[in-house]
Amino acid sequence: MIPGWLPLVIWFLPLATALIVSRVAWSRAALAHGVAASAMGVTTLLSIWLAKQVVSSDHSMIGPHVKWLDLGSIVLGFGVYLDPMGAVMTVIVCLLATLVLLFNAWYMHDDEQAARFPWQFCFFVFAMLGVVISDNLFQSFCCWELVGLGSYLLIGFWFQKPAASEDPGYQAMQAKGARGVLLQQLSPAHSQLKAFIMNRVGDAGFLIGIGALLAIALQNGKSGEVLGWQNLLTLRSGNATFLGLSQGALMTVAALGIFCGAVGKSAQFPLHTWLPDAMQGPTTASSIIHAATMVAAGVFLVARCYPMFPPEALHVVGWIGGITCFIAATIACVQWDLKAVLAYSTVSQLGLMFVALGAGEEAGGRAAGIAHLFTHAMFKCLLFLCAGAVIHACHGQQDLHRMGGLRKQMPVTAFASLLAVFAIGGAPFFSGFYSKDAVLAAALHHAQSLGGSAWGPFALACGGSLLTSAYMLRWWLRVFAGSLRDHSIGHHAHDPSGFAKYVLVAMMPFTLLLPFTVGDWLDRALLAPHGEGHHEAHSMAMVLALSMLAVGFGFALLVFWLAPRRGKDLAGSLASTLWPLHTFCSELWFFDKLWDLLFTRGIGRTLAAITARLDLGSAERLRGLESFAASGRLAALSIDGLVDGIGSTCRRLGRVGASVHAGRLGAYLAIASLLGAIGLLWGLLR
Amino acid sequence: MIGSLSLTILGPLALALLCVLQPKPLAARFFALLGSAITLFVGAGALIDFAQHPGSDFRLVESHVWSTFFGAHFALGVDGISAAMLALSGLVTLIATIAAWDEQRSPRAYHALVLFLLAAMNGVFGTLDFLVFYVSWEVLLVPMLALIGVWGGEQRRYAALKFFVYTLAGSVLMLALLLALYNATPKGTDHTFDLRTLAQMWPVWRDSTLFGWPLARFGFFAVLIACLVKVPAVPVHTWLPHAHVQAPTAVSVLLAGVLLKLGVYGLYRIAWPLFPGEAIAFGPMIGVIGVIGILWGAWVALGQRDLKRLVAYSSVSHMGFCLLGLASLTVAGVTAGMVQAVTHGLSSSLLFLLVGVIYDRAHHRDVQGFGGLAKPMPRFTWILLLGALAGAGLPGLAGFIGEFLAFCGGFTAAAPFPLLTLFAVLSVVLSAAYMLWLLKRVSYGPLRHEEHANFPDCTPRELASLLPLCALLVMVGIWPGPLVDALRSSCEALLQHVQGARP
């Protein structure tokens, strides 16, 4: 029997830590990190024990639950529900949080704001755990938003930093031959805003999904905790109609609404553009928030709501995932920013997870997607920590074009990231091999059984995987292989010292296959299906995956290792030959520019300026108000101008009336005779 | 015998007199504190009572004969809704008094007027008599006119006049309604203005006519117009930005924190109970007005450069949720309208205070003229972040509760409301955009102006006015149960009453 208070302790310990650590003075960053890391360490141990219990027992844990708001037919509450998937996710979140905090103590040792990091970080962990252990959709939504706040705070960690185009220090570096999209980098303050608002776009859909579910539940005569998982699962079998929509159509609306939230948080097409900009936050924060856990929350949520997703909705999920997977992979191939490559790779891998989810429960899609979530969390977090180590060693330089040969100065980092690159590429004996194979197998099985457009996501995922192995090896070769390209940034480089180095070492084993497959525990926990068709799909997918890995790695080795050794710039000549393609990809498929034009400038600024103008009139009118001066017609053309127009008309009428009562006898006589004449005429004519 | 509700009306009045009669400004400040503290004490006491023992009955009831000829009584009493409003008016006035502690221009007159205003607001919230309601409703324009017109900014004459004439014109028909109701009382029944009796007599209003119009329809629109101007609903909202921009900080706080709620309260207390048939028939129209307000207000807020005007338009947007919720006629929606009124009172007060804090330092309110204030003013920035997120409806802060419940109500209501709510949901994007964009332009990024580098952070007095609001925003956000419980029974009773009129 698992004690009910245990998940609560795991959930609230990070919050308590955040509250305590936020009181630590700025000058004692080490203390803050120490306290936070040890608290997170305790949480990790507890969560491991809990996960062991949940995974080994056959049923999910239903923990304590409190009512939060009672509105008669609708009751909202908070509670704990842990199935093996949630339990393992809890462990991953806590474990990575502990390791990242330890690493960060070194990473920020010369940053005067460092003490702000641990509490914001712990707050994020609290919110994230809230999503993971939630027992109803309402709690998921609340924590979902709080996760967004945590991300907002950490992206804007260095809020005072200017945008790259306004930063003189950056321009000095730029002058020495940086290239790529670096100049377009937003300031952290801008990035955090962009991230939050784009997430909110998804959340609007999430709210609509919740609304649709509430409507279905009430139409079916249910009341009480209608948003609890147990109740939601019974919804598919109703036959309510609402607003002329059938139950099935409503379920599709609800599922797509929830998926819309996931698209925002997991940076899927078309809302993917915030994630690369979120890299303005500290690399350590990116490692867990914008790579391993938060952005995977969308995947987690869809998996959690899986039984509610009708096949039509899953179809959309698969296609969106496939499109994202491919687009992001092509962009990652041509990035010159150390973190931008990783960011787009994250977007692409998340897309891959959605491809798996889109394949459906029978094809093993859910198990495959979640397995990839877990393995990806480990190796991507490691990759980001290595990137952090490199950036730290190169004094903040992130330009791949000027790095190289760092493997000699930073052997541990180089080795760790090489392992992670093999894992993300899906090489045999590495964790990615296991999960990526499962993803492709699920998509393949789904496509085979359904045919038609179900082949789309599978094809896109294959394309994405092929590119992934190429650009990841390119990334590694650019940073670590060859010789030092720029001595000013590389000659002092060294591996992280102390704890931080051991953090990298500690994460190495998790890039391997063994921790995830020993005793088939993950397959059993995730209820991965086994059968004849699955075996066939698996072996086909394995062959495919391995050949794509070979092609991708081979290409990267040829272009970025063999050719430079011979003194040939094969990459450069490829880019200039294929310049339309290259430009298209390095301009990010023009999505950022298009969205900026349509939404930020179009809807955001222009439309807002127009409505503001229609509301109060022009600035000229606003300046002249106090003198009650009549402004020009055009200047006053607005709601407020109309109101003033009514006012001044009344005043003018009043003046007419006043002139009648001015006491002039002639006027009185004239009016009297006029009225008399009219009356007489009327009387005669009647 | 004076009951505690009379005390909240007569007490501030007496203190207002005392303020002017004695010579010391400091004493006047303490009188203002005392007056608002009394209101807060009575209001919060009643609210806690309703939270612990939910019920739709009226409590603290007292009645004094005013005029036997008219049948008017000085009848007072609160249910959950008015208790919440009373507590809000006490709290906001208390905070506004702290914020205006350093007011140098004739402080005695200033605080006397604030106390006068408080008495009138309490008269509206505390009364059960339509005549007293109407008199208080109109009387409170007078101190407000003076507060904006004398202590206001450069365009104060225009703003004060506009505010006064606009709201007065809006409520003219309410006087006519008062007379019409008096005349329509059937022979043999005593004339009364008691709102409880008037509500029970709704079939009478439905069946009698005024100049060929059904009386109920005339009455509904008379109250509706008066209230929509106060709320303010688009398109009768344009007095608000002028009044807010010109009013001194503390008066803006009173305006946003309490005065706007009078409109919503009027709908809950008079329009819906007295004319339930019309409330059902015209509900979708009110919902449309609410959603237009939500979106239009948000979009205009996005296009503002003046900080105060931006916050003012965010109020227009947020108050739209009250209309949407009330009109949806579901338990969640009707309760949401009132919850939103309370939480918006807290969050908009906080935001106006914060605008005041930087205005005191920079002497301008142009949002483009700031940047990077997080460095010299970290406390200010954290509080601004809290206020902005509360305004953007982040879970865990009070602003979320009203919005979310309004969505729940809207999505589960009858036909046109789910579609309306679909549009209203857009506001979660827009509110995040204008609030956090404001935060970015004011506080984040590099310091744009050298002279801002030595701005002092919030002073203890400023914190004394800001922190209670922050604490309440967090408290209500995390544990809204008591507030919602206190409001829910009254809202359910109202809903039942209105549904009873369904043919």
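Q: At which residue of helix 21 of chain B does a kink of about 30° lie?
A: This is a predicted model, in which local features need pLDDT of at least 70, side-chain atom pairs count only at pLDDT 80 or more, and totals for chains, interfaces and linings use all residues. Residues are numbered from 1 along each chain as its sequence is written, while chains are lettered from A and ligands numbered from 1 in the order in which they are written. Helices (H or I, at least four residues) and strands (E, at least two) are DSSP runs numbered from the N terminus, and a bend is the angle between axes fitted to the seven residues ending at a residue and the seven starting there. In helix 21 of chain B the kink comes shortly before the proline Pro468(B), at Leu466(B).

Q: How far apart are the end C-alpha atoms of helix 21 of chain B?
A: The expected span of a helix is 1.5 Å times one less than its number of residues. Helix 21 of chain B has 19 residues, 460–478, and should therefore span 27 Å.

Q: Which helix of chain A do the buried residues of helix 11 of chain B pack against?
A: Helix 11 of chain B, residues 239–246, is mostly covered, with eight of its eight residues buried; among them are Trp239(B), His242(B) and His244(B). These buried residues pack against helices 6, 7, 12 and 15 of chain B, and, from chain A, against helix 26.

Q: Why does Pro143(B) count as buried?
A: Pro143(B) is found in helix 6 of chain B. Leaving aside neighbours within four places in sequence, Pro143(B) is in contact with Leu113(B), Phe116(B) and Leu117(B). Pro143(B) counts as buried because its C-beta neighbours inside 10 Å number 23.

Q: Which helix gives the largest share of the side of chain A that touches chain B?
A: The contact takes 44 residues from chain A and 47 residues from chain B. Strand 1, helix 5, helix 7, helix 26 and helix 28 of chain A each supply at least two residues of that side of chain A. The largest share, 14 residues, comes from helix 7 of chain A.

Q: How many residues of the side of chain A that touches chain B are nonpolar?
A: Ala, Val, Leu, Ile, Met, Phe, Trp, Tyr, Cys and Pro count as nonpolar, Asp, Glu, Lys and Arg as charged, and the others, Gly among them, as polar. By this classing, that side has eight polar and six charged residues, while its nonpolar residues number 30.

Q: What distance separates the centres of domain 1 and domain 2 of chain A?
A: Chain A comes to 29 helices and two strands, and its C-alpha trace spans about 110 × 65 × 55 Å along its principal axes. An automatic or database assignment gives the domain bounds, dividing chain A into domain 1 (310–538) and domain 2 (633–685). Taken over C-alpha atoms, the centres of these domains are separated by 80 Å.

Q: Which residue takes a positive phi in the hairpin of strand 1 and strand 2 of chain A?
A: Two strands pair if DSSP finds at least two bridges between them, and strand 1 pairs with strand 2 in the antiparallel sense over eight bridges. Asp70(A) has Val75(A) as its bridge partner, and Lys67(A) stands opposite Gly77(A). The hairpin has two residues between the strands, and the positive phi, near 75°, belongs to Gly72(A).

Q: Is His363(B) buried or exposed?
A: His363(B) lies in the loop between helix 16 and helix 17 of chain B, and its phi is near 60°, a positive value in a residue other than glycine. Since 7 other C-beta atoms lie within 10 Å, His363(B) is exposed.

Key:
Two residues are in contact if their C-beta atoms, placed from the backbone, lie within 7 Å. A residue is buried if 20 or more other C-beta atoms lie within 10 Å of its own, exposed if 12 or fewer, and partly exposed in between; C-beta atoms are placed from the backbone.
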